[in-house]
Amino acid sequence: MNLDILRKKLKIRNQRMTIERELVLGAFLDSDAESLNIIEIREKIYDKRRRISKTTIQRILDIFYEIGIIKKIEYSDKMIRYVIIREEEEDKDYYIICKKCGKAFSYTVENNKKILETAEKQTGFIIDDFELEFIGLCPECSGEE
Ligand SMILES: [Zn+2]
């Protein structure tokens with residue numbers, strides 16, 4: 001996760017990048033902690049001599065959660081903690097399906113981000129995700145002829 005990805009995700013929802021949003025994201029990025037709660041986020045922002053109200057931070061966290069850049073960890077007795085989703089997946093598993101016997105194999109596409117970036121460049125779209133499907137003959141079926 002970096003500022004560019006956040007900016008893109010905000011843009012999809014017609015939301016702007018603001019200094020407050022940048023500071024909240026920064027609190028996560030600067031932190032070595034696995035997760036942060038709202039108090040810890042506020043303290044980190046105070047360290048940079050900025051002040052944001054708890055209400056504003058909460059609103060920003062809700063937006064971040066909605067656009068999928070943070071996860072919530074909820075304990076029944078404690079304050080909600082938030083974890084940033086660090087990077088988009090670079091390698092992703094897809095299925096190859098044999099059209100004859102129906103067997104499915106998994107196949108890892110390395111650096112699938114590259115496919116996405118190329119598609120974005122060529123179409124001007126901001127793409128969230130894509131699906132790939134491989135269909136063919138497995139080694140057993142192709143050897144049968
Ligand atoms: Zn087969």
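Axes here are lines fitted to C-alpha atoms, for helices over the stretch in contact, and angles run from 0 to 180 degrees between N-to-C directions. Helices (H or I, at least four residues) and strands (E, at least two) are DSSP runs, numbered from the N terminus. This is a predicted model, so to speak with cut-offs attached: local features need pLDDT of at least 70, side-chain atom pairs count only at pLDDT 80 or more, and totals for chains, interfaces and linings use all residues. Residue numbers start from 1 along each chain as its sequence is written.

**View 1. Helix α2 meets helix α3.** The axes of α2 (residues 19-30) and α3 (residues 38-47) come within 9 Å and cross at roughly 100 degrees. That makes α2 roughly perpendicular to α3 (angles under 35 degrees count as roughly parallel, over 145 as roughly antiparallel, 65 to 115 as roughly perpendicular and the rest as oblique). On the α2 side you'll find Leu23, Val24, Ala27 and Asp30, and they meet Ile41, Lys44 and Ile45 of α3; contact means C-beta atoms, placed from the backbone, within 7 Å. Sorted by class, the residues of this α2 and α3 contact come out as 5 nonpolar, no polar and 2 charged. For the classes, Ala, Val, Leu, Ile, Met, Phe, Trp, Tyr, Cys and Pro count as nonpolar, Asp, Glu, Lys and Arg as charged, and the others, Gly among them, as polar.

**View 2. Helix α2 meets helix α4.** The axes of α2 and α4 (residues 54-66) come within 10 Å, crossing at roughly 75 degrees. α2 and α4 are therefore roughly perpendicular to each other. Glu20, Arg21 and Val24 of α2 make the contact with Thr56, Ile57, Ile60 and Leu61 of α4. The class count for α2 with α4 is 4 nonpolar, 1 polar and 2 charged residues. Val24 shows up here, and also in the contact with α3.

**View 3. The sheet β1-β3-β2.** This open sheet of 3 strands has antiparallel pairing; two strands pair if DSSP finds at least two bridges between them. β1 and β2 (70-73) stand at the edges with a single partner strand each, so one side of each has no neighbour in the sheet. β2 and β3 (residues 81-84) run antiparallel, joined by 4 bridges. Look for isoleucine 70 opposite isoleucine 84 in β3.

**View 4. The sheet β5-β4-β6.** Here 3 strands form an open sheet with mixed pairing. β5 (104-109) and β6 (134-136) are the edge strands, each pairing on one side only. On average, neighbouring strands of this sheet are turned by 30 degrees against each other, direction ignored. β4 (residues 92-98) pairs with β5 in the antiparallel sense over 6 bridges. Tyrosine 94 stands opposite tyrosine 107 in β5.

**View 5. Alanine 33 in its loop.** Alanine 33 is found in the loop between α2 and β1 (36-37). With 13 other C-beta atoms within 10 Å, alanine 33 is partly exposed (buried takes 20 or more other C-beta atoms within 10 Å of a residue's own, exposed 12 or fewer, partly exposed lies in between, and C-beta atoms are placed from the backbone).

Key. Two residues are in contact if their C-beta atoms, placed from the backbone, lie within 7 Å.
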